[in-house]
2 protein chains.
Amino acid sequence: MEEALSGVKRTLYCGELREEHIGQRVTIMGWVQKQRNKGSLIFLDIRDRKGVVQAVLSQDQATEETFEKASRIRSEYVVAVTGIVKARDGGVNEKLATGGVEVEVQELKILSQAKTPPFQILDEVEVRDELRLKYRYLDLRRPRLQKNLLLRHQVAQSIRNFLNQENFLEIETPMLIKSTPEGARDYLVPSRVHPGEFYALPQSPQMYKQLLMISGFDRYYQIVRCFRDEDLRADRQPEFTQVDMEMSFVEEDDVMDVNERMLAHVFRESAGWEIQLPLPRITWQEAMDRFGSDKPDMRFGMEITDISEVVSHCGFQVFESAVADGGSVRGITAPGCAGMPRKQIDALGEIAKLFKAKGLAWIAFLEDGSVKSPIAKFLTDETVAAIGSAMGAKKGDLCLLCADRNPVVWSVLGNLRLEMGRRLGLTDPEKHAFVWVTDFPMFEYNEEEGRYTAMHHPFTMPREEDLVYLESAPHKVRAKAYDIVLNGVEIGGGSIRIHQRDVQERIFKALGFTMEEAANRFGFFMEAFTYGAPPHGGLAYGFDRLIMLMSGEDSIRDVIAFPKVKDASCLMSGAPDKVDVQQLDELHLAIEQEKTE
Amino acid sequence: MEEALSGVKRTLYCGELREEHIGQRVTIMGWVQKQRNKGSLIFLDIRDRKGVVQAVLSQDQATEETFEKASRIRSEYVVAVTGIVKARDGGVNEKLATGGVEVEVQELKILSQAKTPPFQILDEVEVRDELRLKYRYLDLRRPRLQKNLLLRHQVAQSIRNFLNQENFLEIETPMLIKSTPEGARDYLVPSRVHPGEFYALPQSPQMYKQLLMISGFDRYYQIVRCFRDEDLRADRQPEFTQVDMEMSFVEEDDVMDVNERMLAHVFRESAGWEIQLPLPRITWQEAMDRFGSDKPDMRFGMEITDISEVVSHCGFQVFESAVADGGSVRGITAPGCAGMPRKQIDALGEIAKLFKAKGLAWIAFLEDGSVKSPIAKFLTDETVAAIGSAMGAKKGDLCLLCADRNPVVWSVLGNLRLEMGRRLGLTDPEKHAFVWVTDFPMFEYNEEEGRYTAMHHPFTMPREEDLVYLESAPHKVRAKAYDIVLNGVEIGGGSIRIHQRDVQERIFKALGFTMEEAANRFGFFMEAFTYGAPPHGGLAYGFDRLIMLMSGEDSIRDVIAFPKVKDASCLMSGAPDKVDVQQLDELHLAIEQEKTE
């Protein structure tokens, strides 16, 4: 039933056929998207990576055997067809790039039969995710996923071409490394040769790329798989791909310069976007103050206003105490939203609570000059007017206010700003607002662990002028770190690194390591600094997320060939899975049954 | 003591300085290869990725502070130097590409100090491997290793450029997969979310690339890390890199054609070799018969002659019974070696025994027409003459003979041929003899396991005409498999794959799997064949070995940035290592103490 190729060669792709091929004898191969039997005519829509073309057999012209064979073909059969390209008999099909032509079949081979697939191979068909992922190899036949992986391929090449021209070398770093968890959990790999010992899979090639700088490779990059054993969110995968780079003899400006030129190059080549350089930069402090986020969506304004001074003695206890306690009162002004129904405003209050606000205050400046506000009764008319004036509120506008500790205020207003931006249609997908966020705090205090943790990572260089605070006031130390943000999404981040052993030791101390712990984990790395280490810095992009943004998808699953689901399993292969006892014995491992139950 | 860059920018690399730059003010940065203090002059040889250049300070011209700073500089200090390029005062140094110039230092920064390194950063210095590998980041500063990794980078780009033009897409496949060991041991990765279950790291992306073909991606490639938990030999690493590719709608010729064009392209671009296409092809059977190896070194002849017929009734029991038992008597003729001292011939006999020969027979046809041979006494003069004639031996030649089962005969003579080739200087490193070896046996019998195993892998397509032997005489089945061999080293191998579920099931049966085992391990994969699978095939190269051959190195360690040693450990970082109990608890794992002792 199924036939071998036996020397038959494809002459071009299905999706490449055009009017210019009319009269040529061609051989195409692909999947039958649809077979239509119209009595004396049989139509086959044949699909390959480049598109779909119609083939046709007529009972008069085809041999009986060929016609009979064609009549048996079902969707997703794989066929090879040889025939003459003709102008399409039934008129041009405008929906297809190949719509002006069809192939009049002379020879036909069924290369592979197909059962009825569990779902139709069409972008517009609704299928539950679980089924799609179980039959990922079928879902990947959809034009949209094909297009996404083609884009991914193109962007990878475009990145490499740019970096190659800029004197970067692609160097592979190890995957079986020493476990030095700081931040996320490592995936571990038991060693058979060294029972009881483990490798870790890299969360990033951080130390290795720094060692490459110490080795004098000067400029390094890699498009590299990384691993984090974390509880998965919708946009996370246990294994993910980074575009990772590092440069020697540079300061922040140098890294940002080459990277923004790379972004302009790649987005122009692969997405057709024209990006104006240099990209804007704002400090972390400014980003928090103006947008309530370290990854501000700069496609629209609606910036945050600090009204702490206006209300610090307003008589309203909630406002006054927030300011008195070292926090603040701030707000955003949603233009034209004064008439928003109470129910919707309450819904905004619920969002605010998600981000730890005790409540959301609001003032609607109605068109008729009156004011509607649940807190108006606590404020004088003058204060209300002063708030409106400070916040640039005009008649018809709605002010949303939050009084709390600064981190809560930022988070609440940053998220409300995004919500209002979306509702007001300000998050235009055609706009591409890149921004560098710089001068991140070096540390953030982790309440749970009762210690400072590194906001980027412990190898980040503090600003020289802040080094004096390392021991006395770590929260004041700013890092030479920078994130690149596109439309409110962080697509990459990096820093100038520490290249001095003594500074690195002080950082580990500030992070609560004993010198012994630091030496155990990072000793070999810190020693490297003592043999001549150049100043260096770099950056890493989340490649999956970058492609997701470029392709306009909502999930990184749609830009990864074989993704995993939330519990880190693969619905197609069943990984992870039990293994043979013998395999565990060789590793000297036992599964702790009591804990698994 | 150490200074920051503070805005100083490098204007070009040390190694780039030439006469054309004379008169220019430049800033270079790098490592001090050597500091020479000649009283009123201080010379600094400064090294970066592109080479070494001399900088000079004179006491008259430099400020006191700068001169003093320079006097403190030691080897491997990292410096930034700004100055004027001059013609070299002491005359041209022909050994350096920059030897016509020097930089007269005006400004000098010490960016990083360096302790005395544990060994000198020079290619020609003898250092034990352990020390080099512990301080890999220092060893990597050597020009030779720098050159190797640069070559590796260039070859990777060259491969990608070629494949991109040939319509291949680079697609990433998962690293955390299901364990389906067949052949080598898998590295396992315990799952935290699914206690008692494991991922495996891929030995190759085999099933995934085949699924990509079933998904319609048509042409795939990847330069990808793979893992094998095997006892290491000198040229193996637990993690290694493959150039992996797969094509749909192809037969063997198509895969070989695109690959030999790729090789010609890459070797021309990166090594300057001109490779004549098409490459020669021989079948596995012919390779064994003529060269006693499935990876024949075709740079020289000295082919094997089968003299079984000549000696089948010669009266010498050893020869007669070898033939009668289904084995053979074969030999090679080493030209001009008749006078080889007995001691050396005995050494050859030892080599033969390493490869399981019971002994090595030999006949020396001396220049004076006489014959010297320990077996002459068992043979008639006519038989000796007939052997000499069959083997094309002339006066002065030495015939080495082996009588045994065919696999032993091939292995013994194949290895003696290589040994004699080396001794006679026939393995010219300037010659590049590529050859395709085709039609491998599908199976080889594994005495230990008492079953057939797949010679390539179980997804390899048998020749259609041999399918009838699958159940009755598996050893007769030839596979659509091909290896590409360069100068006696296998650099890549591949095959046309099975794309029919029934054939795949028959192969698993022949390999001794129950249908249940096969379904457990490969069920999802075999099911994919039932939804329309195109004929497909591919090939994979050992990238490390390829670069080793191109760079002329003897060890793959020298072409890998951070290699592991024989016990799969990393001498630099100490991986693998013990991990925190808490990490194991989270994985529900215990180390079996009694087994580790």
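Reader: Is A:Thr438 buried or exposed?

Author: First, the ground rules. This is a predicted model, in which local features need pLDDT of at least 70, side-chain atom pairs count only at pLDDT 80 or more, and totals for chains, interfaces and linings use all residues. Residues are numbered from 1 along each chain as its sequence is written, chains are lettered from A and ligands numbered from 1 in the order in which they are written, and side-chain values use heavy atoms, with hydrogens and water left out. Buried means under 20% relative accessible area, exposed means over 50%, and partly exposed lies in between (1.4 Å probe, protein chains only). A:Thr438 is buried, because its relative accessible area is 9%.

Reader: Which residues is A:Thr438 in contact with, leaving aside its neighbours within four places in sequence?

Author: Contact means heavy atoms within 4.5 Å. With those neighbours set aside, A:Thr438 touches A:Met256, A:Ile282, A:Thr283, A:Trp284, A:Ala481 and A:Tyr482. A polar contact is a pair of N or O atoms within 3.5 Å; within protein, one must be able to donate a hydrogen and the other to accept it, and residues adjacent in sequence count only if both atoms are side-chain atoms. The side chain of A:Thr438 has such a contact with that of A:Asp439, at 2.7 Å. A:Thr438 itself sits in strand 17 (residues 434–438) of chain A.

Reader: What do I look for in a sheet?

Author: Strands of a sheet pair through backbone hydrogen bonds, either parallel or antiparallel. Helices (H or I, at least four residues) and strands (E, at least two) are DSSP runs, numbered from the N terminus, and two strands pair if DSSP finds at least two bridges between them. In chain A, strand 2 (residues 41–48) has 7 of its 8 residues buried. Strand 1 (residues 25–38) pairs with strand 2 of chain A in the antiparallel sense over 7 bridges, with A:Asn37 bridged to A:Ile42. The hairpin of these two strands has 2 residues between them, and A:Gly39 takes a positive phi near 75° there. Strand 2 of chain A is also antiparallel to strand 3 (residues 51–58) of chain A, over 8 bridges, and A:Phe43 stands opposite A:Val56.

Reader: In what order do the 8 strands of the open sheet in chain B run?

Author: The order is 6-9-10-22-21-20-17-11, with mixed pairing. Strand 6 (169–170) and strand 11 (281–283) of chain B are the edge strands, each pairing on one side only. Within chain B, strand 20 (residues 481–486) and strand 21 (residues 489–496) pair antiparallel over 6 bridges, and B:Asp483 stands opposite B:Gly493.

Reader: How many residues of each chain are in contact across the interface?

Author: 137 residues of chain B contact 137 residues of chain A. Buried area is the accessible area (1.4 Å probe) that two parts lose on being put together, summed over both; here it is about 11600 Å², 55% of it on carbon and sulfur atoms. A salt bridge is a side-chain nitrogen of Lys or Arg within 4 Å of a carboxyl oxygen of Asp or Glu. The two chains share 19 salt bridges; one of them joins B:Asp218 to A:Arg10, whose closest N and O atoms are 2.8 Å apart. Helix 4 (residues 143–165) of chain B gives the most to chain B's side, with 11 residues.

Reader: Which strands are joined between chain A and chain B?

Author: Strand 23 (residues 589–591) of chain A and strand 23 (residues 589–591) of chain B run antiparallel, joined by 3 bridges. There, A:Ile591 has B:Leu589 as its bridge partner.
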